Amino acid sequence: MNQTIYIGMIADIIHPGLINIIREAAKYGDVLVGLLTDQAVAEHKRLPYMSYEQRKEVVENIKGVTKVLPQEEWSYVNNLRKYKPNFIIHGDDWKTHDAKLREDIFEVMKEIGGEVIEIPYTQGINSSSLNKDIIAIGTTPDIRLKSLRRLIAAKSIVRVLEAHSGLSGLIIENVEVIRNDRRLAFDAMWSSSLTDSTSKGKPDIEAVDLTTRLQDLNNVLECTTKPIIFDGDTGGKIEHFVFTVRTLERHGISAVIIEDKTGLKKNSLFGTDVVQTQDSIEDFCAKIKAGKNAQVTSDFMIIARIESLICGKDMTDALERAEAYVAAGADSIMIHSKNKTGEDIKTFCLEFRKKNTVIPIVVVPTTFHHITEDELQQWGASIVIYANHMLRASYPAMLKVATTILEHQRASEADKLCMPVKEILELIPGTK
Ligand code: SPV
Ligand code: MG
């Protein structure tokens, strides 16, 4: 039997550095490529541009590659133990930015009696810098639309933040934090009826029509690549909703959430302080079905939002509706509440999960904000939406600056509250 040599890679972008590693590897024996799955990548980097199957097809056809195997985790360790290659090869750049990974691999190769080959890193080109270029290249409606389902499949919980403008979208696109060697970033954006209406000085009562909301959403689409979940309010009349679905799909929006209310919609966070009329199960199911029949792609998602706990109904009603909406074809359900403890959401999730282990649950912890993502995920939630925070953060900041200018009748004191002019000038690439 030939000697085997293992290479771990994502292979979203094939560049001369990768080809060089494969060429070098082939000198040692049969080349086994451990191709990282979406799941393996998701907690550390952006999802690859291409799906696993597409990347596999590319790598299988590269000269020198003997076999492509899935690597399900970021760490190579399990695959090395499983396939016991005689060698593993890696560029020597991991000494600086992947020291822990390098250390683990040396240990496990020693354990299985294999050898680590390090080759000089190909200067001037690597996947991370090319990744930045991919963002600059942008995306297509089709790729963006599909990416929400891929994220749900790949991640333990999909993290979504509200965007109401190109600028707020840009922050969501780019902001990241490194914690325990993991890259934390937002996965997707929420186009909120509350913040879309409020930023136009209008109440959240479906007074801002779809065409107007799409104008602002278009600004977000122009400068971002991450998927978008659209707050479709009640979905309106069934006859109108089918057009909404197609319009959103055409724009590359991944999902619409519609809530089971009827008549004049008021924001859910008013709870029972205002009149909120819940739709009948039958009529809302008809709306879900009509939407599902109208969509063109199989990737677009219609998410049914249950307002029982907002409208003063009980858990049994919420669970009964969840089952009915899923039976009507909803791809996911959102359960909403304004209770501050989160206990009702927890009960709902745990009960729903007893019967249904696959349908993604969306939660919006605006009032129960002390609950962590880990906890939500343990309850069975799949998507967490921070639904209004970008607008809520900007309003007090703007108000403070406006008040400070008035108080001092000059801008000097307010200047300290603002970002430096140089920074705002350079914020948007291509400004100079
Ligand atoms: C929104 O963001 O518009 C929502 C969530 O629908 S909530 O405001 O909590 O109703
Ligand atoms: Mg809303």
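**Entry 1: a salt bridge within a helix**

I began with Lys 56 and Glu 60, whose side chains form a salt bridge at 2.9 Å, N to O. I count a salt bridge when a side-chain nitrogen of Lys or Arg is within 4 Å of a carboxyl oxygen of Asp or Glu. The model is predicted: local features need pLDDT of at least 70, side-chain atom pairs count only at pLDDT 80 or more, and totals for chains, interfaces and linings use all residues. Residues are numbered from 1 along each chain as its sequence is written, chains are lettered from A and ligands numbered from 1 in the order in which they are written, and side-chain values use heavy atoms, with hydrogens and water left out.

I looked up where the pair sits. Both residues belong to helix α3 (residues 52–60), and because they are four residues apart there, about one helical turn separates them. Helices (H or I, at least four residues) and strands (E, at least two) are DSSP runs, numbered from the N terminus. Lys 56 is partly exposed at 27% relative accessibility, and Glu 60 is partly exposed at 38%. For these classes, buried means under 20% relative accessible area, exposed over 50%, and partly exposed in between (1.4 Å probe, protein chains only).

**Entry 2: other salt bridges**

I noted that the structure holds 31 salt bridges. Side chains of opposite charge can pair when their charged atoms come close.

I then looked at Lys 200 and Asp 216, which meet in a salt bridge of 2.4 Å, N to O. Lys 200 is in the loop between α10 (193–198) and α11 (210–223), and Asp 216 is in helix α11, so the pair ties together parts 16 residues apart in sequence. Lys 200 has 27% relative accessibility and is partly exposed. Asp 216 is also partly exposed, at 23%.

Arg 410 and Glu 413 form a salt bridge of 2.6 Å, N to O. Arg 410 is partly exposed, with a relative accessible area of 49%, whereas Glu 413 is buried at 18%. I also found one network, in which salt bridges with shared partners join Asp 196, Asp 204, Arg 213, Asp 233 and Lys 265.

**Entry 3: the barrel**

I traced a closed barrel of eight strands with parallel pairing, in the order β6-β9-β10-β11-β14-β15-β16-β17. Its twist averages 25° from one strand to the next. Two strands pair if DSSP finds at least two bridges between them. Strand β6 (residues 158–162) and strand β17 (residues 383–386) run parallel and are joined by four bridges. I checked Val 158, and its bridge partner in β17 is Ile 383.

Helix α13 packs on the sheet, where it touches β11 (255–259) and β14 (301–306), and its direction makes about 165° with that of β14. Contact means heavy atoms within 4.5 Å. Axes are lines fitted to C-alpha atoms, for helices over the stretch in contact, and angles run from 0 to 180 degrees between N-to-C directions.

**Entry 4: two helices**

I looked up helix α12 (residues 238–250) against helix α13 (residues 281–294): their axes come within 9 Å and cross at roughly 35°. From α12, the contact includes Ile 238, Phe 241 and Val 242, and from α13 it includes Asp 283, Ala 286 and Lys 287.

**Entry 5: the whole chain**

Of its 432 residues, 50% count as buried.
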